[in-house]
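Please consider the protein chain shown below. The explanation that follows leads through several of its parts in turn.

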Amino acid sequence: MPKFLRIGVLQSNVSGYTSKAWCIRRAGSTIFLKWGAVEVHGTGAGRRVCWARLPQEKTIRCRTEQRAQDYAKAAIARRRSHRYEPLTGPIANPRRSAVPSTELKQALATILIVDIVGSTAKAAKLGDARWTKVMGHYYAAVRKELKTARGKEVVTTGDGVLATFKAPAAGINCATAIQKAVRTLGLEIRVGLHTGEYTISGGEMVGLAFHIGTRVAAKARAGEVLVSSAVKELMKAQSAISFRDHGMHQHKGVPERWRLYRVEG
């Protein structure tokens, strides 16, 4: 089964990160798809990729073998054009916890979403080789600032990163530090932050807070760091960070309207 890993660049020399994988297999006129979050451990020939949780699966019946061949060819071409890395080795099953538990745990965190603005146009302008180098430096810079601010990387989303922080001030300071770092690479990012509760179930983080954080980031323009009113409320005692009202916004699929604020300075 052809397998592809989406990490933005061919980071065979990087270990200990999360990404997503996509697999396709054809049997006659039937297409079998499998996709989901993965963990990458080790580097080079010793690199090991395993599913972070059970992957999603889908079966597509194309009626004729030719249609199935055309579907598979087009699907693989799309993944390659979106900088998926072809995988030759297997993707291992999810690692089991030493102490299995079905209990749901609630947690509160400030969620940070980082996304590159105009990445597709930038990649087309630079070409694959140069863009690969730029993206390698980009991920290295983001992870350096996350480590400094004690942020926890949750997953890479295309050419973006989702991370969590215990304190909103740490998330905001990390966002501005990332901005400065990636500008030296000729990149502009948009950042969104939201504070809310989420549920940890079987090692997976789920909850509306992640969706709100994503929607906040989508409202930001190049070079902007936007925060939700939930973050602003927790920052009342922080005089070192100033905000400007960015108005009320309705987020797609999210109940109620949210007031957003732009981080100044």
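Arg150 counts as exposed because its relative accessibility is 77%, where exposed means over 50% relative accessible area, buried under 20% and partly exposed in between, found with a 1.4 Å probe on protein chains only. The model is a predicted one, in which local features need pLDDT of at least 70 and side-chain atom pairs count only at pLDDT 80 or more, while totals for chains, interfaces and linings use all residues. Residues are numbered from 1 along each chain as its sequence is written, and side-chain values use heavy atoms, with hydrogens and water left out.

Arg150 is located in the loop between α3 and β9 (152-157); helices (H or I, at least four residues) and strands (E, at least two) are DSSP runs, numbered from the N terminus. Although Arg150 is not a glycine, its phi is positive, at about 60°. Most residues other than glycine have a negative phi. Arg63 is another non-glycine residue with a positive phi, near 75°. Arg63 belongs to the loop between β5 (56-61) and α1, and with a relative accessible area of 75% Arg63 is exposed.

Ala75 lies in helix α1 (residues 65-81) and is buried, since its relative accessible area is 1%. Leaving aside residues up to four places away in sequence, Ala75 touches Trp22 and Ile24, a contact meaning heavy atoms within 4.5 Å. Ala75 and Ile24 are 51 residues apart along the chain, and 8.6 Å separates their C-alpha atoms.

Two further helices can be considered as a pair. Helix α2 (residues 119-126) packs against helix α3 (residues 128-148) at an angle of about 130°, and their axes are 6 Å apart. Axes are lines fitted to C-alpha atoms, for helices over the stretch in contact, and angles run from 0 to 180 degrees between N-to-C directions. The angle therefore makes α2 oblique to α3, as angles under 35 degrees count as roughly parallel, over 145 as roughly antiparallel, 65 to 115 as roughly perpendicular and the rest as oblique. On the α2 side the contact is made by Ser119, Lys122, Ala123 and Leu126, and on the α3 side by Asp128, Arg130, Trp131 and Val134.

Finally, strand β13 (residues 225-228) directs Val225 and Val227 one way and Leu226 and Ser228 the other way, all of them buried. Strand β15 (residues 257-264) pairs with β13 in the antiparallel sense over three bridges; two strands pair if DSSP finds at least two bridges between them. Ser228 has Leu260 as its bridge partner in β15.
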